[in-house]
Amino acid sequence: METPVDVSVVVVGGGSCGLSLSIFLSDLGVDHVLYERHPGTSILPKAHVINQRTMEIFRQHGFAADVVAKGTPPSQMSQVIWQTSLGGDGPLDRKVLSDIDTWGCKAGSKQRSIYEQSAPHLPTNLPLLRLEPILRDVAETRNQGKVLFNHTATSFHDAGDHVLVHFKDDKGQQSTCRTRYLIGCDGGKTIGQQLGIQMNGPTGLRRIVSAHFKADLSSYWDDRTGIVHFANPEFGLGMRSGSLLPLGPTWGRRSEEWQMHFSIGVNDPQVPREGVEDRIRKLLKLPQLEMEILSFSNWVLERVLAEKYQQGRVFIGGDSAHRHPPTTGLGLNTAVQDAHNLAWKLAYTIQGKSSPALLDTYQLERMPIGKRNCDWAFTSKCHRLIAAAIGLEEGQEEANKAHLSHLMDEKSDVGRAARAQLQYIIDGQAIEFKAHEMDLGFNYQPGGAFLPDQAACLDSHPRHQTYTPTTRPGYRLPHAWLEHNGEVLSTHDLAGRHGSFLLITDGEGLAWADAARKAASSRSISLKIAHIVEPLSRTREEEYCDLESQWSRVKEIKNGGAILVRPDNMVMWRSMVPEAPADLSTVFDSILRRP
């Protein structure tokens, strides 16, 4: 007889991964409890760029509007610039050296149009200290009394048919919870360590000094700018460069809070909190700037990936499974997407709608994505090349100043050549700031919870710049705008947030719809049907109108074909041509690992 449990799932960790997982589990009807050792959410800004895939996940679960309302307006995160200083009156001061458009946010640009056609939301920018309170509020509202901060998981034991989780509250009271599954979203601090999971990859890459402060920089800031990289060869090691970004809550030049990053060698002395104000004033060349330091941290860059994401009834996700440099902003986004992948699989297993073998596909699908994102963040950066092109090489002080002077000389051939070369190198940073395919074009490998078809493999862009929508199984469902009974919605809205599968067909796919309903009903699986038709082809009220023929351009199936989509909006099967509808029971049984 199976041991009774107190709760179906225990989530350890109340950061972005754990809180997101809690929200998803609540929407899927899974009884769970979350333990977080800290009294509240992050006090450090940490991650801030939220990409289109994560935004559409938030949309699916009903709180994207809250994130958009607090996040950076797209126009105010549409460029990154390289500049000598904000203040000063010397010949090399206040000079913009170069810039690059970013994240598809520049109004009127071709890139903006592509991003808008690719997903229901543009990327946004919201530091973790403002995002996590949104996640916590939603999680606590949907799972009242079971999102427990000030509760520390101290140890656990996987007993085979359940897991015993030992924890204590803020008064030191010890308790034990029996659960079917334990999920470690604690940054690797407890669960992964106790499992003995090795984190493989290089560590100690660079030390980053981060200062979060209040100041009025409204007289010096360009409203379009998301980040300024400062480059000043006048200063010595560790002082000649830094990155500054606004943190809101008002955005653009009126931002009340800011964050400055300095990068130093990992073996250099740790930068103390004392005197950091003077360090910032010196780099910005604003000696009289009034500021208040709100938080301060030293942290070390690493690129590490867990050797496994699951052991028995225990799983890990987010920073517990992968940690890497912040290039392309993949950390937070990968964590939320880990949770999104795992949540519906837990729900279907716990509710008896799938075999427990479905849970094995979490590692099969997400671990290669974790490796891909770790490797990308580790290798896709041009900062050293940019520093050399500006003139920031160590031990070359006079040459550095001469090089910067050439950059500022707009009349000479040497100056024009130097600026052109710098812009050429900075344009290479599109690999970081325009990696659209990294955000939306990922795919899961065979063996996951989908049935591959015979379509030729989709070649990826070597620098992941170009996202190509596809309905190939194992890929994200393409976005298209639809109209239904006067409501405009995305294809990503069709499945809903409560664990339904989705069949997409057209006006000729009635037989597919009947076959899918029969297979789903016999397995107690929730299924939604969407007949998507051209505007002038609508004949029935339940049909969805393909606004501007967007769906017809990306669907890749002929009239009468069909596409099955998982609850996480990943394509799991398709029939590209009209044919006599097969018994879809075998499709569902294969995906859900049912015998």
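**Exercise 1. A hairpin and its neighbour**

Trp481 has Ser490 in β22 as its bridge partner; state how the strands β21 and β22 are joined and in which sense they run.

*Solution.* The model is a predicted one, in which local features need pLDDT of at least 70, side-chain atom pairs count only at pLDDT 80 or more, and totals for chains, interfaces and linings use all residues. Residues are numbered from 1 along each chain as its sequence is written, and side-chain values use heavy atoms, with hydrogens and water left out.

Step 1. Identify the elements. Strands (E, at least two residues) and helices (H or I, at least four) are DSSP runs numbered from the N terminus. By this rule, β21 covers residues 481-484 and β22 covers residues 487-490.

Step 2. Examine the pairing. Two strands pair if DSSP finds at least two bridges between them. Strands β21 and β22 are joined by four bridges and run antiparallel.

Step 3. Examine the turn. The hairpin has two residues between its strands, and Asn485 adopts a positive phi near 50 degrees.

Step 4. Look for a further partner of β21. Strand β25 (residues 544-546) is antiparallel to β21 and joined to it by two bridges. Within β25, Cys545 stands opposite Glu483.

**Exercise 2. Helix pairs**

Describe how α10 and α12 cross, and how α2 and α8 pack.

*Solution.* Step 1. Axes are lines fitted to C-alpha atoms, for helices over the stretch in contact, and angles run from 0 to 180 degrees between N-to-C directions. The axes of α10 (residues 383-390) and α12 (residues 413-427) come within 9 Å and cross at roughly 170 degrees.

Step 1. Classify the angle (under 35 degrees, roughly parallel; over 145, roughly antiparallel; 65 to 115, roughly perpendicular; the rest, oblique). Helices α10 and α12 are therefore roughly antiparallel.

Step 2. List the contact residues (contact: heavy atoms within 4.5 Å). Leu385, Ile386, Ala389 and Ile390 of α10 make the contact with Leu422, Ile425 and Ile426 of α12.

Step 3. Sort them by class: Ala, Val, Leu, Ile, Met, Phe, Trp, Tyr, Cys and Pro count as nonpolar, Asp, Glu, Lys and Arg as charged, and the others, Gly among them, as polar. The contact of α10 with α12 comprises seven nonpolar, no polar and no charged residues.

Step 4. Helix α2 (residues 52-60) packs on α8 (residues 330-350) at an angle of about 40 degrees, with the axes 9 Å apart. That angle makes α2 oblique to α8. On the α2 side, Arg53, Thr54, Ile57, Phe58 and Gln60 meet Asn333, Val336, Gln337 and His340 of α8. By class, this contact of α2 with α8 holds three nonpolar, five polar and one charged residues.

**Exercise 3. Two single residues**

Decide whether Val304 is buried or exposed, and do likewise for Asp89.

*Solution.* Step 1. Val304 lies in strand β17 (residues 304-306). With 1% relative accessibility, Val304 counts as buried.

Step 1. Beyond its neighbours within four places in sequence, Val304 contacts several residues, including Met199, Pro202, Ala321 and Cys374. The C-alpha atoms of Val304 and Leu205 are 11 Å apart, although 99 residues separate them along the chain.

Step 2. Asp89 belongs to the loop between β4 (79-83) and β5. Its relative accessible area is 79%, so Asp89 is exposed. The C-alpha atoms of Asp89 and Lys285 are separated by 9.1 Å, with the two residues 196 apart along the chain.

Note on methods
Buried < 20%, exposed > 50% of the residue type's maximum accessible area, 1.4 Å probe, protein only.
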